Amino acid sequence: MLIKHLLGSNAALVGVPGVSFFECFFTKKRYSWIVAEFSSFDLELPTASPHISVFTSLFPDHLNRYKSFGEYARAKMRLVHFQKQGDKAFVWRSENTKKYLPKTKARIIWVGEKNIKAPWNISRHSVIMASAVAGTLGIPKPLIARRLQTFKPPHGRLEITAKTKSHVFINDTTSTNPGSATFSLGQLAGHFKKAVIITGGEDKN
């Protein structure tokens with residue numbers, strides 16, 4: 001969503017909750033970019049990769065579906081696996097992505113931590129990654145900076161749902177595994193005195 005926002009009105013967003021992959025093909029407008037989000041489930045069957053792939057993170061999830069973390073990681077890495085000469089892969093630098101990244105003809109663009117300011121309710125990693133992608137696609141830095149200021153986090157992602165004089169209620173329903181939930185809690189550190197956390201959901205091994 002942030003990549004699409006930085007690219008502007010010439011980009012279509014598909015594959016996010018409530019938006020079908022096919023939706024943009026039934027509009028009269030022709031877009032310069034189609035920004036699509038893929039889950040590991042989406043990637044199990046395709047035998048092609050996009051010209052530009054963006055690999056944001058890799059930590060255990062859906063282990064009630066996959067036999068091992070390695071099998072899950074290989075499913076996710078199909079995003080990059082079939083890329084060809086001239087394609088680009090933006091990959092967040094981590095031990096897991098280095099370990100499981102397949103051999104590819106694409107140009108690997110490693111992205112890592114930078115000294116960059118981001119609002120508490122938007123992931124610093126997302127800001128760094130999305131800015132790198134938009135910059136490579138020709139969006140000027142001043143325009144990226146302005147658009148970052150107008151981005152609104154999606155529903156259920158560190159979303160403030162209510163406030164009182166002493167409490168702020170935050171919905172982070174889209175943190176659906178321990179890795180993303182822990183990351184979100186790290187985002188809150190330094191902004192609130194203390195937190196009461198309500199958790200639930202499926203174990204997923």
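**Cores and surface**

Start with L2. Leaving aside neighbours within four places in sequence, L2 contacts I122, S126, V127, A130, L148 and F151. Keep in mind that this is a predicted model.

Now the core around that residue. The largest nonpolar core has 21 residues. Which of them touch the most other members? L2, L6, L7 and V111 do. Helices α1 (2–7), α5 (124–136) and α6 (141–149) each supply at least two residues, and so do strands β4 (88–92) and β5 (107–111). The largest share comes from α5, with six residues. As a general point, nonpolar side chains in soluble globular proteins tend to be buried together.

Next, S9. Look in the loop between α1 and β1 (11–14). Is S9 buried or exposed? Exposed, because its relative accessibility is 53%, and the cut-off for exposed is over 50%. Still, S9 has contacts. Not counting residues up to four places away in sequence, S9 touches K4, K29 and Y31. S32 is 23 residues from S9 along the chain, and their C-alpha atoms are separated by 9.1 Å.

Last stop, the surface. F22, F25, F26 and I34 form a nonpolar patch there. Together they have about 520 Å² of accessible area. Take F25 from that patch. F25 sits in the loop between β1 and β2 (33–36). Its relative accessible area is 52%, so F25 counts as exposed.

Technical notes: Residues numbered from 1 in each chain as written. Predicted model: local features only at pLDDT ≥ 70, side-chain atom pairs only at ≥ 80, totals over all residues. Heavy atoms only, no water. Core = buried A, V, L, I, M, F, W, Y, C linked by side-chain atoms within 4.5 Å. Buried < 20%, exposed > 50% of the residue type's maximum accessible area, 1.4 Å probe, protein only. Helix = DSSP H or I, 4+ residues; strand = E, 2+ residues; numbered from the N terminus. Contact = heavy atoms within 4.5 Å. Patch = residues over 30% accessible without salt bridge, like charges linked within 9 Å, V, L, I, M, F, W, Y side chains within 5 Å. Areas by Shrake-Rupley, 256 points an atom, 1.4 Å probe, with all protein chains shown as cover. Salt bridge = Lys/Arg side-chain N within 4 Å of Asp/Glu carboxyl O.
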